[in-house]
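Colleague: I am new to this structure and would like to learn how to read its charged side chains. Could you take me through them slowly?

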Amino acid sequence: MEGLATISTSLRFDNLNVLELGATARSTLSPFLVVRGVRNATVTCYFENELPKLDEALSQIAYQHNLARERFRTLQADIFALDQKDRFDLVLLKDVLGGVNRQHDYAEFQKAVSNCLSILNTNGQLLIIDKARSIKVINWILRRLGSAGRNEWHYFTFDELRELIPIGYSTKFCCHGVLSFANFGGGIFQKIVDYLDEHYIEKVCPLEKRVIFSLTCTAKVPES
C-alpha cells in the first residue's frame with residue numbers, strides 16, 4: 001500500500017467512460033464526475049424498481065447544472081453478474097462494497113472487487129469509497145448509533161483492504177472524517193458529531209483511523 005493522504009479537492013476525470021455501481025436517487029457521484037470531466041456515465045442501481053427515481057434525480061441534476069442528459073445512462077446491475085462485454089475507464093463503488101455481504105464473508109468482497117477489475121479498459125481504474133474501521137470507541141458509536149453499523153455494514157480494516165487487491169495492481173488510499181461521515185439521521189445529534197469532528201476529533205485521530213476511505217486501484221504497467 002502506498003502512503004495515506006487526504007482527499008484531493010482538484011481531482012479530474014477528463015474524457016473517461018464511467019460505470020457507477022449501486023447508486024441511488026439520494027446517493028450518486030456521477031454528476032460530480034461529469035462536472036470534473038467525465039465523458040459518459042453509466043449509473044446503475046441494484047433493484048430495478050429504483051430506476052425511475054434514479055433516472056428522475058439525474059435528469060433534475062443535469063438540468064440544474066446545465067449538463068447534457070445524454071451523458072448519463074441508467075440501468076439495473078448486480079456487482080456479482082456484470083456484463084463482461086462492457087469496458088470502462090473508471091468503475092466507481094460509493095458505499096457499496098461494505099454492503100454486498102452482511103455476513104462479512106471476505107471471499108464475497110474479493111469476488112466483487114475482482115468482477116469490477118475484470119471490466120476495466122487498459123489503464124482503467126477502480127475507485128472505492130467506503131467505510132473503514134476506526135479506533136474502538138468510534139467504532140462502537142458507529143455500530144450502535146449509525147444506521148449502516150446497525151444494519152451489519154462491513155467496516156474494513158486497512159489490512160483487509162490490502163488483501164482485496166490482486167497482485168499486479170497499484171493502489172492509492174485517501175482517508176477523511178471520523179464521526180461526521182456516519183449517518184445519524186440528522187437533527188441535533190448529527191450537528192453535535194459534525195462539530196466535534198471538525199474542531200476536535202479530526203485533529204487528533206491519525207489518518208489510518210479515519211472512517212471514510214478512498215481506494216484507487218490501477219493495473220501496473222509491465223516494465224520493459
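This is a predicted model: local features need pLDDT of at least 70, side-chain atom pairs count only at pLDDT 80 or more; totals for chains, interfaces and linings use all residues.

Colleague: Which side chain does D95 meet in a salt bridge?

Modeller: The general idea is that side chains of opposite charge can pair when their charged atoms come close. Here the side chain of D95 meets that of K131, with 3.0 Å from N to O. K131 belongs to strand β6 (residues 120-131), while D95 sits in the loop between β5 (88-94) and α3 (106-117), so the pair ties together parts that are 36 residues apart in sequence. Salt bridges with shared partners also bring K94 into one network with D95 and K131. K131 itself is buried, at a relative accessible area of 13%.

Colleague: How many salt bridges does the structure hold?

Modeller: The structure holds 5, and one of them joins the side chains of R69 and D55 at 2.6 Å, N to O. R69 is in the loop between α2 (51-64) and β4 (72-76) and D55 is in helix α2, so this pair links parts 14 residues apart in sequence. R69 is partly exposed at 23% relative accessibility, and D55 is partly exposed at 31%.

Colleague: What is the partner of K85?

Modeller: K85 forms a salt bridge with D83, and their closest N and O atoms are 3.2 Å apart. K85 counts as exposed, at 70% relative accessibility, whereas D83 is partly exposed at 35%.

Definitions and conventions:
Residues are numbered from 1 along each chain as its sequence is written. Side-chain values use heavy atoms; hydrogens and water are left out. A salt bridge is a side-chain nitrogen of Lys or Arg within 4 Å of a carboxyl oxygen of Asp or Glu. Helices (H or I, at least four residues) and strands (E, at least two) are DSSP runs, numbered from the N terminus. Buried means under 20% relative accessible area, exposed over 50%, partly exposed in between (1.4 Å probe, protein chains only).
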